[in-house]
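Student: I am new to this structure and would like to know what the terms used for it rest on. Please set each term against its definition.

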Amino acid sequence: EGLLPTVTISLMIAGEQMLKREVLVRKIDAIETLGCVTVFCSDKTGTLTKGEMCLQDIVVPRNGNPASGMDVVCREEKSGEFPKAAVQKALEDITLGGVLNNASSRKEVLDKDGNVTGMAWSGSPTEVAIMNACADCQGGVDAPAELKARPENRKLFEIPFNSENKWMLTMHGNQQKATLYLKGAPDRVMKFCTVNNDPAGKEQIEKAMGGLMTQARRVLAIAKKELGPGEIPAKPEGTSQADCNFPLQGFQFLGLYGIEDPPKDKVDTAVLKAQAAGVKVVMVTGDHPETARAIAKRINILPQENE
């Protein structure tokens, strides 16, 4: 008669101990399967990293000429903010472009009871990171609305980012004068820029990119092009360079954005434990190889001395 409660209580105690060690499972087959694992593939963004993008570096050509070198502008140590574009004129074009060529939108923030607690930018983490920093440089949270309301910044056309192009394009202005902004993967954006034919300028840009990527930054580039009368179609059309009905060459390179997505806490130790158990950990990402390599070193997937 005492056997049933004894076994039940024993199982309860065993279950409680397993729960404390975080090994409690519903199906014992899961333990057997896990013991057979030799390779573990994990997504990077939001899994190995926090998925909380933050723009940490803005890189601009010195005196507007990449061949003269690239200047890296970082957040101020005390305030944690970038200098205002009104003070540091070198940031004017790249931060204006970051506001106008952006897919994020302003939305209400609700608490758990459904009450509005404020406003925040919503959308892709990368777009939100760029908007937050560029809006701050341009004057604050109200700056984007004020800038977009100006006649010269009225949006005429947009090609959203897609995995084939790896860039986003927007056209602003009117039928007499318009500005194109192109933002995306540096290698794709560079192909449209005049600096692509300047070996010295390309070398300086690639050097700056390498410096950001070794710090595990995700790097995006931005460029602009002015269109005059006769270059602006009545109805802009197209989805890529091949079918656009307006010129997509001769862009001016504006600079680079260095965006950080820090690793989650304890991921580095979890990787070491998996490796000690004989499991090879693989990080799956679409980031540039140099950025991926830097992050992999930080979470112990690659040894620090690995090149």
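Tutor: A nonpolar core is a set of buried Ala, Val, Leu, Ile, Met, Phe, Trp, Tyr and Cys residues joined through side-chain atoms within 4.5 Å. Buried means under 20% relative accessible area, exposed over 50%, and partly exposed in between (1.4 Å probe, protein chains only). This is a predicted model, in which local features need pLDDT of at least 70 and side-chain atom pairs count only at pLDDT 80 or more, while totals for chains, interfaces and linings use all residues. Residues are numbered from 1 along each chain as its sequence is written, and side-chain values use heavy atoms, with hydrogens and water left out.

Student: How many residues does the largest nonpolar core have, and which have the most contacts inside it?

Tutor: The largest core has 31 residues, and Leu-169, Phe-251, Phe-253 and Leu-256 have the most contacts inside it. Helices (H or I, at least four residues) and strands (E, at least two) are DSSP runs, numbered from the N terminus. By that numbering, the elements giving two or more residues to this core are β6, β7, β8, α7, α8, β9 and β10. The largest share, five residues, comes from α8. A second, separate core of 28 residues includes Ile-58, Val-128, Cys-134 and Ala-135.

Student: What is Leu-256 in contact with, leaving aside its neighbours within four places in sequence?

Tutor: Contact means heavy atoms within 4.5 Å. Beyond those neighbours, the residues in contact with Leu-256 include Ile-58, Ile-94, Ile-205, Met-209 and Val-219.

Student: Why is the pair of Phe-157 and Phe-246 called edge-to-face?

Tutor: Rings of Phe, Tyr and Trp (its six-membered ring) pair if their centres lie within 6.5 Å; planes under 30 degrees apart count as stacked, over 60 as edge-to-face and the rest as tilted. The structure holds three aromatic pairs. For Phe-157 and Phe-246 the centres are 5.8 Å apart and the planes stand at 80°, so the pair is edge-to-face. Phe-157 lies in strand β6 and Phe-246 in the loop between β9 and β10, so the pair ties together parts that are 89 residues apart in sequence. Both Phe-157 and Phe-246 are buried.

Student: Which strands form the open sheet, and in what order?

Tutor: Two strands pair if DSSP finds at least two bridges between them. Seven strands form the open sheet in the order β3-β2-β10-β9-β8-β7-β6, with antiparallel pairing. β3 and β6 stand at the edges with a single partner strand each, so one side of each is left without a neighbour in the sheet.

Student: What makes β8 largely enclosed?

Tutor: Seven of the seven residues of β8 are buried, so the strand is largely enclosed by the rest of the structure. Both faces are covered: Ala-178, Leu-180, Leu-182 and Gly-184 are buried on one side, and Thr-179, Tyr-181 and Lys-183 on the other.

Student: How do you know that the span of α5 agrees with its number of residues?

Tutor: The expected span of a helix is 1.5 Å times one less than its number of residues. The 14 residues of α5 should therefore span 20 Å, and its end C-alpha atoms are 20 Å apart, which agrees. Helix α5 is mostly covered, with twelve of its 14 residues buried. Just after α5, Gly-139 takes a positive phi of about 135°.
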